[in-house]
Amino acid sequence: MSSTDDPGNGVQQEAPPIAETPETTAPEAAQETGSPDAVTPAAGTPAAPTPADAALPDPTGEPEPAVVPPPAPAPARAAAPVEIVVSDPAQWGRVDEQGTVFVRTADGEREVGSWQAGEAEAGLAHYGRRYDDLATEVALLEARLKAHTGNPGEIKTKAQGLAESIPGAAAVGDLEGLAARARAMVEIAEAAAAEYRAEKAAARAAQVARKEALAAEAEQIAADSTAWKASGDRLKAIVEEWKTIRGIDRKTDEALWTRFAAARDAFGRRRGAHFAQLDAQRGEARAAKQELIAEAQRLSTSTEWGPTSAAMRSLMDRWKAVPRTGRDGDDDLWKQFRAAQDVFFDARAEQDKARDAEQVANQQAKEELLAEAEQLDPSKDLRGAQNALRKIQERYDAIGHVPRTVMRSLEDRMQAVEQKVRGAADAGRVRTAPENPMVTSMRAAVTKAEEQLAKAEAAGDQRRIAEAQANLVTRREWLAEAEKSARR
């Protein structure tokens, strides 16, 4: 029967498999006819797979660069299903009475095989299907080339092989037209292959540039950075990012990795040296603070309140000048140092409390004597008042210190009594004796000492305050002695 009676006549169907060459299809079940290419109906043509089943593998053997983000060499498009129209072999060949199959070419008819298995139409259809297989393979390559799938270089090689084998194929159809399509693909694939190579080269260059940038960043970190924690974390992140960059030739990749590894090692050595030096400095600081602690502990039991207070303040200044030894170690050392100082200052505070209580008692005793002195009336009995006042003054002077805040007021009251008695005595004299120069000098010294104490308190300088207090006490004692001598 003719090809027009084929069940697939005029119907677009999925492509048959890649065509077999005459050598591979030579008589599968040939009858003993004496013709090597005689074909029986049992030979048939196997069912054709879909174009997806006939997809060609990537022949380069090279892994595609895993780009992050990918440079997208060429937008890959999913190939549409290849639709093949079954050809009409009767237009391109015939089977003669002896069963010889011919195909028509521009140079005339060419014998392609022999059919001894039945009707001539069946034999012609068989060789037509062989042509359809070749046409399907050409269409598949054209579709892949158009969709930019696969390696153009591999497509070019296959197209060139088809262009050379199709003209002599044992098939019936437009072999010359099909060969021309294959030759056209060779030229297109050659240009596509050049573009493909350029895109791959650009992708590799982009990946190399990324790793070069990471290596340069690592080198800068190794040379300059002192942010040890942040820089160490960044180098770890660079390693993870480095792993995602692929598609670089081994030699270049190893050279870049050597740069990065050297920078990372240099940073590690510099960081190690820094912390080693820091540990040494902390050891020296720890030893210095331990010495200050020992000195504070020796002074903690002293009862020389003024000098020891000054020494303790000096120790505090020296402590502040020593660098830290680390958070935990420094806190422990500080607790020991502060505890030693607290022992002394707590003892001084207790002593101050006892002194203050004693001074308050002295104040009360002096106030009682002053009240007694203020009751004297020299206008009635001058000598009796003088004698009584002298005894009161002796008892007054024998009493210890009073609070500094009331010292002046008590002295003023005593001076007022003295002045009253002295005034009464002077009233009976023709000439008034001038005040003793020593008393006048001592009064001026006391006034000056009080002014110095006020300035020290205003400045908040504890050392000066302690010195001014001691000086004022001494001056007042001298004044009291001078006044006693003057009264005698």
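**Exercise 1. Is Glu190 buried, partly exposed or exposed, going by its relative accessibility?**

Solution. Start with the source. This is a predicted model, in which local features need pLDDT of at least 70, side-chain atom pairs count only at pLDDT 80 or more, and totals for chains, interfaces and linings use all residues. Residues are numbered from 1 along each chain as its sequence is written, and side-chain values use heavy atoms, with hydrogens and water left out.

Step 1: know the cut-offs. Buried means under 20% relative accessible area, exposed means over 50%, and partly exposed lies in between (1.4 Å probe, protein chains only).
Step 2: apply them. Glu190 has 45% relative accessibility, so Glu190 counts as partly exposed.
Step 3: Glu190 lies in helix H4. Helices (H or I, at least four residues) and strands (E, at least two) are DSSP runs, numbered from the N terminus.

**Exercise 2. Describe the surroundings of Ser225.**

Solution. Step 1: locate it. Ser225 sits in the loop between H4 and helix H5 (228–243).
Step 1: classify it. Ser225 is buried because its relative accessible area is 15%.
Step 2: list contacts (heavy atoms within 4.5 Å). Leaving out residues up to four places away in sequence, Ser225 touches Gln220, Ser231, Phe267 and Arg270.
Step 3: look at the side chain. A polar atom of the Ser225 side chain lies 3.3 Å from the backbone nitrogen of Ala227.

**Exercise 3. Check the length of H5, then find its buried face.**

Solution. Step 1: compute the span. The expected span is 1.5 Å times one less than the number of residues.
Step 1: list the buried residues. They are Trp228, Ser231, Gly232, Leu235, Ile238, Val239 and Trp242.
Step 2: look down the axis. The buried residues of H5 fall within an arc of 110 degrees, so they line one face of the helix. The arc is taken from the directions from the helix axis to the C-beta atoms.
Step 3: recall the geometry. An α-helix has 3.6 residues a turn, so residues three or four places apart point the same way.
Step 4: turn to the other side. There, Lys229, Ala230 and Lys236 are exposed.
Step 5: find the cover. H4 and helix H6 (250–299) are among what covers the buried residues of H5.

**Exercise 4. Which residues does Thr100 touch?**

Solution. Step 1: Thr100 is in strand S5.
Step 1: Thr100 has a relative accessible area of 14%, so Thr100 is buried.
Step 2: not counting residues up to four places away in sequence, Thr100 touches Arg94, Val95, Glu111, Gly113 and Ser114.

Conventions. A polar contact is a pair of N or O atoms within 3.5 Å; within protein, one must be able to donate a hydrogen and the other to accept it, and residues adjacent in sequence count only if both atoms are side-chain atoms.
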